[in-house]
Amino acid sequence: MRREVEIEYSMNVAFAALTLLSLVMMTFAAPADMLPSMISGVSGAIVLILKLTAVYAVWLSVLKMAEATGLDRKLSRALRPVIRRLFKGESEKSYDYISVNLASNMLGMGGATTPAAINAMASMCREEGKATDNMLMLLVINATSIQIVPATVIALRAAAGSANAASVFLPTLIATSCATAAGMILARLCAAARSAAEKRKKG
Amino acid sequence: MSVYLLPVILVGTVIYSLAKRVSVYDCFLDGARESLSLVKSIFPYIAVIFICIELFRASGLAYIVSGWLSHPLRFLGIPPEIAELVLLVPLSGNGAIALLEDIISTYGVDSYIARCAATIAGASETVFYVSAVYFSKCKVKNLRYAIPVSLFSSFFGMVVACALCRVM
């Protein structure tokens, strides 16, 4: 949990710096607006939270059905051959975790994604503290988002009265596919460049 | 066509659940129940990011920063109005949703700007959070090329997203 602490620390620094800078600027520009704008911020948050409660209540129900019917397991079985080719030389256990991680990420099941990924990373780890190229590949695929249906975004658009809330579906799918493809190619190139450099060092 | 996307998904899942003899009623109860605990856990993050965004804007800092970024972003086809979203997306998923909602209510849900923002928020992931949490068990410190590659690819995805929103 060390890195999590580090990230929280950097978020802490970023948040404090940004808030302080804004507050100091406001002290000169508009001192009377300071407290009202902070409070109106939280009011906005409460409105959004109510909206999100409704969004999640509907979408989590759909995900529950997908889970109860075993749709996620089916998808992860279908992904298996692709995963085996993409992550060469890992154990069956790792393939299990990776396929659960990627399948639940594609379906947008946040709850199952993270534990599977943490276990996948731990099972692929050969040497403590050292990341293999396969581990970094899994990270890059997850970090460029592979969700098929951006449910929260579509639901927020629907709640705002969009004429066609799902119109962003196709652009989102194409954009995220481009990002993931670019990430995978770049990760491969970086891994290849590194191993070439290592060979040169040895030889 | 995309109007039928959600109806197809919803009707399909319900029929499939009935065929598999899964209790649809119980699934909806579970979903509604979990939604409450989920929003309870993300409320602090949303509230704090809203305070921060509100101050950032009211102080005029947002105006200055988006002024710096507007030229390079416009060059890449990203509307400068969503500069804050571009910066926030790799850091905080809840923050991105909060900003998206704000952009939707400011510019109108079906405007080009709001559609770009929606596509970017839907197509991206919190790079820093993911890399922190995924390696929490195996104590990896040096991520080598992973972060720059992920950030660059996500940004590439955003450029693609804005280009697509122009034509789709």
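In this predicted model, the interface between the two chains brings 83 residues of chain B into contact with 83 residues of chain A. Which elements of chain B build that surface? At least two residues each come from α1 (5-19), α2 (24-58), α5 (93-107), α6 (112-122), α7 (127-134) and α8 (146-167) of chain B. Among these contributions, the largest share belongs to α2(B), with 22 residues.

The chain is divided into domain 1, covering 1-59, and domain 2, covering 61-168. Taken over C-alpha atoms, the centres of domain 1 of chain B and domain 2 of chain B are separated by 21 Å. Nine residues from domain 1 of chain B and eight residues from domain 2 of chain B take part in the contact between them. On the side of domain 1 of chain B that touches domain 2 of chain B, seven residues are nonpolar, one is polar and one is charged.

Finally, a few words on confidence. Chain B has a mean pLDDT of 89, and 99% of its residues reach 70 or more. Which elements of chain B have the lowest and the highest mean pLDDT? The lowest value, 82, is found for α7(B), and the highest, 95, for α6(B). For the model, the scores are ipTM 0.87 and pTM 0.86.

Methods. Residues are numbered from 1 along each chain as its sequence is written. Chains are lettered from A and ligands numbered from 1 in the order in which they are written. This is a predicted model: local features need pLDDT of at least 70, side-chain atom pairs count only at pLDDT 80 or more; totals for chains, interfaces and linings use all residues. Two residues are in contact if their C-beta atoms, placed from the backbone, lie within 7 Å. Helices (H or I, at least four residues) and strands (E, at least two) are DSSP runs, numbered from the N terminus. Domain bounds come from an automatic or database domain assignment. Ala, Val, Leu, Ile, Met, Phe, Trp, Tyr, Cys and Pro count as nonpolar, Asp, Glu, Lys and Arg as charged, and the others, Gly among them, as polar. pLDDT is the predictor's confidence in each residue, from 0 to 100.
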